[in-house]
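I opened this entry to note what I looked up, and in what order.

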Amino acid sequence: MTRSVDLVVIGGSAGAIEVLHQVLGRLPATFGPATAIVIHVPADGPHLLTEIFTTPGDLKVKLAEDKEPIVGGTIYFATPDYHLLIEKGRTFALSLDERVHYSRPAIDVLFESAAEAYGDRVLGVILSGANADGAAGLRAIAAAGGITAVQALESAEMIAMPAAALEAVPQSLEVDAASLGELLRAHGEGAEKKDGL
Amino acid sequence: MDAEIDLEIRLLLEAIYDRYHYDFRSYAKASLKRRLAQACENLEVASLSGLQERVLHEPEVFAALLQYLTVQVSDMFRDPEFFRVIRTQVLPVLATYPSIKVWVAGCSTGEEAYSLAILLQEEGLLDRSIIYGTDINAQALRAAVSGVYSLSRLRGFTENHRRSGATTSLSDYYHASGESAIMDPALRRKITFSDHSLATDNVFSEVHLVTCRNVLIYFDQELQNRALNLFAEALISRGFLGLGSKESLRFSEAAGHFTEFALAERIYRRKGQS
């Protein structure tokens with residue numbers, strides 16, 4: 001039986017939005033884990049992402065707030081221009097620390113803190129994107145015993161990000177939009193919804 | 001491995017507190033850990049324990065580390081809408097008081113304190129105002145006191161200032177000298193910069209407005225509560241509190257001291273004490 005996870009983290013940039021739209025819109029209301037997402041977007045587009053994802057699907061979608069307790073079954077997006085991190089008490093934290101890979105929010109920052117806070121209870125996914133952000137973060141998730149997946153290069157609009165992630169964690173599962181949806185459901189559907197604690 | 005690093009961080013922060021009386025023990029851990037890793041790399045020490053040894057024996061290493069422990073991001077008129085609401089909704093209330101005291105908590109290199117001084121000047125209130133800018137970082141405070149910024153940076157703030165509903169030009173408040181912009185001494189005279197820790201110090205004055213923006217995100221829940229309780233104690237009844245655009249009182253125990261005033265701009269009001 002596939003083991004369930006408490007947290008899904010997803011990172012991407014160019015070309016990732018379309019994949020997310022397909023996958024997240026079809027997650028069932030019974031999806032148990034919390035999902036935290038960093039997509040590189042310009043700092044002045046604050047509500048673009050949540051607007052995109054308010055219509056489809058049964059799960060609550062919101063921007064992650066500082067010190068907010070992480071609740072299962074909720075999809076959180078990183079606020080533009082702030083790093084998004086996870087504290088060990090399973091709450092979100094924001095920071096204005098320097099950019100990583102020219103990015104804030106940076107995928108590495110979210111993923112590395114997720115690995116620390118959730119250990120092997122994390123599923124990390126790197127989608128289409130234009131730079132190497134996320135590779136180090138995915139390595140941290142793998143090292144903590146979490147599950148890692150990367151968008152298959154032939155299905156990615158931009159391959160730099162998934163290619164770097166795959167090089168960092170060669171054993172990662174390779175997925176496209178359809179199989180990513182299945183993967184998420186396999187590790188999250190039916191899991192009892194619960195608070196981060 | 002992980003547990004060892006957490007232990008090293010705890011010991012390092014205890015050592016810093018004992019030796020230098022700077023209290024970082026209640027800082028939010030996830031981002032602190034990243035900044036410490038960066039510090040180890042740049043200061044060329046192999047581990048946090050190695051960093052601790054150097055910090056304890058070499059005060060100059062501590063001074064260098066302090067620049068990593070405190071995050072200095074400060075712009076003038078950052079989030080212009082915040083300043084617009086301070087200008088149009090908060091200052092008219094404060095104008096009814098004979099004198100106005102403003103506390104910029106965690107002022108870093110002073111940009112926000114100067115922004116508020118300019119705002120008060122534009123609204124004709126600076127003469128009867130005092131601004132307190134406080135921070136724990138002595139190096140940042142020295143920059144704030146000097147009131148000298150890079151000219152190109154200051155020019156970059158012009159648009160923010162305009163969008164705050166400015167009635168004057170930002171260039172009226174500094175003069176250029178080579179690559180530097182020197183803030184008008186008339187503003188500088190109305191600002192008192194001083195060392196103050198939200199973690200260990202107490203209230204030093206009654207104030208009408210506190211701004212503390214993008215500081216609380218670096219504190220853990222407990223320290224955030226301490227800071228907010230300090231602000232509640234410092235503020236006059238019905239005084240104002242301005243936070244950073246992504247900070248809120250939602251997850252804080254201290255929320256009960258305040259009511260929402262302009263939520264989108266994260267401006268709160270001290271409840272009246274009876």
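I am working from a predicted model. I began with L198(B) and listed its contacts, leaving out residues up to four places away in sequence. L198(B) touches W103(B), A105(B), C212(B), V215(B), F219(B), L223(B), R226(B), A227(B), L230(B) and F231(B).

Next I looked up a second core, which is separate and has 41 residues. Among its members are F82(B), F157(B), Y174(B) and M183(B).

I then went back to the largest nonpolar core, which holds 83 residues. Which residues touch the most other members there? I found L51(B), L198(B) and F231(B).

**Whole chain**

I looked up the secondary structure of chain B and noted 11 helices and 10 strands. Chain B has a radius of gyration of 19 Å, close to the 19 Å of the globule rule for 274 residues, so I wrote it down as being as compact as a globular protein of that length. For the extent of the C-alpha trace of chain B along its principal axes, I have about 55 × 55 × 30 Å.

How much of chain B is buried? I noted 52% of the 274 residues. I also checked contacts between residues at least 6 apart in sequence: 78% of these in chain B join residues at least 24 apart.

**Surface and charge**

The accessible surface of chain B is about 11,800 Å², and carbon and sulfur atoms account for 49% of it. Last, I looked at charge and found 30 positive and 35 negative side chains in chain B. The centres of these two sets lie 6 Å apart.

Technical notes:
Residues numbered from 1 in each chain as written. Chains lettered and ligands numbered in written order. Predicted model: local features only at pLDDT ≥ 70, side-chain atom pairs only at ≥ 80, totals over all residues. Heavy atoms only, no water. Helix = DSSP H or I, 4+ residues; strand = E, 2+ residues; numbered from the N terminus. Rg over C-alpha atoms; globule rule 2.2 N^0.38 Å. Buried < 20%, exposed > 50% of the residue type's maximum accessible area, 1.4 Å probe, protein only. Contact = heavy atoms within 4.5 Å. Areas by Shrake-Rupley, 256 points an atom, 1.4 Å probe, with all protein chains shown as cover. Lys, Arg positive; Asp, Glu negative; His and termini not counted. Charge placed at Lys NZ, Arg CZ, Asp CG, Glu CD. Core = buried A, V, L, I, M, F, W, Y, C linked by side-chain atoms within 4.5 Å.
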